[in-house]
Amino acid sequence: MPMEDLKPHIKEISQLIGGKVSEDEISKELDTYLKVYRVPLETAKKSIVRKYGGNPSLVSRGQKKEISELTTNEQSVDLLVKVVSVNKREVEVDGTIKPVLYGVFADESGAVPFTAWEADRFDFKKGDVIFIRNAYTREWNGQPQVNLGNRAVVEKKDSATVEISEVEVPSFAESVQAKVSQLKDGMNNVAITGRILELEMKVVSTPDGAKPVTSGIIADETGKVQFSAWHDFGLREDMVITIKGAYVKGWRGIPQINFGQRADVTEYKGSFPAADVLARPAKRTIEDLEKIGGGIDVLVSGVVVDIREGSGLILRCPKCKRVVQKNLCRLHGSVNPEPDLRIKAVVDDGEGVLTVIMNRTITESITGISLNNAMRRAKEMMNPLVIKEDIENLLIAHPVEVSGNVTRDEFGLLMIASDARLAEFDIRSEATEMLTKLEGMY
Amino acid sequence: MISREIAWRVFSGEYNTSNCELKGEGERSPSYVITPLGAMINRLFVVGVLTDIENLGTEGEPFWRARVTDPTGTFFISAGQYQPDASLALAKIKPPSFVAVVGKSRTYSPEEGTVYVSVRPEKIVEVDEKIRDYWILETCKSTLRRLTAAEEARRMETPTVEALIKLGYSKALAQGVLKSIEHYDSVEFERYRDMIADALRYLLPEYEPEVQETPSEMEIGVEEPDENIDKEERVLAIIDRLDKKGKGAPWDEIIEEAGKEGIRKDELEEITNSLLDKGLIYEPILGKMKRI
């Protein structure tokens, strides 16, 4: 092996033994192992590291890969890459501030984000072609991310040796512009602009210890979405921000956006709908919600086509509020139950179906049946089920507008209504308009 | 995911011209009626005037037949003991009145190539005129959406579900339109466009109801299903008569008895299939039929 090619190995050994011996010394020793004793390179390296008190298991196994071959769990991998971008940032690790480098590497096969944890050790620049030994990968947004830790060794190469595909890189670097209503579980590297309607700081425990997180609700004209910011971006309530590099995770079908340190968050200076406008529920079709899986504070219109079992006058355990049958609670045994009103309505708009749960207040306002009246009537008729029948007669076939949070499970979409009312409509003007259009089509 | 079938808004004038049924394969897969405009109906939502209602069963075991009229024709509704909610409601409603029906599509084929469609109600409630008008408007909109989708699909060189979804149509509609193209060679779009326009005019104040005595194509078809129901009743009576030991009526004897009443064997088979379908009879052992 020519001496030149041994250089990175010598560097690696030097690093693993903490610079106890000069590189010249190591070079000579390595040369002896390889040329005189003819042992394999890896064995030679390990022997030298062991001899000087280093940890031989950290020696590179020299597995070279292309970026497209990377998995999210590489322990030790070698890469020949071009530095597409590199930036420096300070992070707090165990109470001390450390500089780290982050950016994007690319080769012929693709591009990958990277983090180099000891910025001082590396001096590569944008455009450099480098050979990296002993990198490892971690998952970030479901994709591999290359990490250069304390075992990593970097060597600059001639720029001509790496051809990077021009198409691959921008597609990685550019965020996908999206509106709130388009967000869907699993989306990566999303760019979104919205106004912060609610904000809350909390500390959550993660495998890496307690982390402060800013969460809340951000909205654009298409709807609202919950967000979690895993880094302090100095967010304030009512601020309009553009986030680049967010990712979307679903919770029971509801998309939520997450963004961390790596995301680019800037204040948006253009005009944007006011908070009170954005606070209103955003109108969505049921089919749209079916495609996406759910959403928070959405407004849906449709017709009530069924009232499910468990609607009407029900009895709840006074302790846990579970619905009880025959005064027996699953948890608290024999109880003196509390009466309540509830509706589980099936709302259908001809293209999609949604089950809507309405609590007592909403049930009372949409049906005009109060809990007291319901109890009196059930007593008179000696049948509590009569209330469900009354509700069916009042609501089935009626157009309604319901708003609330929509989740999805194996039985389809479910809305916990925060508001529900019978829809108002102006049949004549709509019919006239439609007829005019239709006659124009002849 | 076990998703509930959507309730299609469709006029009787479109529904009754359907002669394509997509039978579900396997135990739980649903059947659909495909309309010429591509509604793929397992469940439908109808509002109209309940014009008449009769009990073809007994007081204890009623079997209701009813007609619900919209501006374009008449829906045929039938409900028995397996539709307890609807049966109960039908026992109480006095025609004429505005009703809303949520129900399942049903078909009946007395002979090869002939399909009659009806509605097996899940829920029937009385409503007011406003709800009926709202339904007409909604049904106009969804019929027009189907018509436009079907026309666009037929103009495509190779229509696909994906292409229609890209144009903004729902997945259910896109699938239905594709099925309708497979089955119906040609569709008189103008007829449906006129139907929508007529229904819209019906909603407008300047509309003066004209007394039209010319029976529509749909109404001519009315007698046929009625007659079939009548035959079903007769076959049920035969089965009752022949089932002396409560172990079922032998098939050979049913054929013989039915023959005496002028019901041919192939017709009889259709009728018993329909009765089996409706859950009115079952086959306790091979070759015997028994009332449930």
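Helices (H or I, at least four residues) and strands (E, at least two) are DSSP runs, numbered from the N terminus. The model is predicted, so local features need pLDDT of at least 70 and side-chain atom pairs count only at pLDDT 80 or more, while totals for chains, interfaces and linings use all residues. Residues are numbered from 1 along each chain as its sequence is written, chains are lettered from A and ligands numbered from 1 in the order in which they are written, and side-chain values use heavy atoms, with hydrogens and water left out.

**Backbone points to check**

- Most residues other than glycine have a negative phi, and most peptide bonds are trans.
- A:Asp238 is not a glycine, yet its phi is positive, at about 75°.
- With a relative accessible area of 40%, A:Asp238 is partly exposed (buried is under 20%, exposed over 50%, partly exposed in between, using a 1.4 Å probe and protein chains only).
- A:Lys326, also a residue other than glycine, has a positive phi near 50°.
- You will find A:Lys326 in the loop between β16 (312-316) and β17 (328-329) of chain A, and its relative accessibility of 80% makes it exposed.
- Over in chain B, the peptide bond from B:Pro95 to B:Pro96 is cis, with omega near -5°.
- B:Pro96 sits in the loop between α2 (84-92) and β8 (97-108) of chain B.

**Size of the interface**

- Chain A and chain B each bring 36 residues to the contact (heavy atoms within 4.5 Å).
- About 3400 Å² is buried between chain A and chain B, and carbon and sulfur atoms give 67% of that area; buried area is the accessible area (1.4 Å probe) that two parts lose on being put together, summed over both.

**Pairs across the interface**

- Between chain A and chain B there are 7 salt bridges (a side-chain nitrogen of Lys or Arg within 4 Å of a carboxyl oxygen of Asp or Glu).
- B:Arg4 and A:Asp306 form a salt bridge through their side chains, at 3.6 Å from N to O.

**The chain A side**

- β15 (295-307), β19 (338-348), α9 (386-395), β21 (399-409) and α10 (427-440) of chain A each supply at least two residues of the side that touches chain B.
- The most comes from α10(A), which gives 9 residues to that side.
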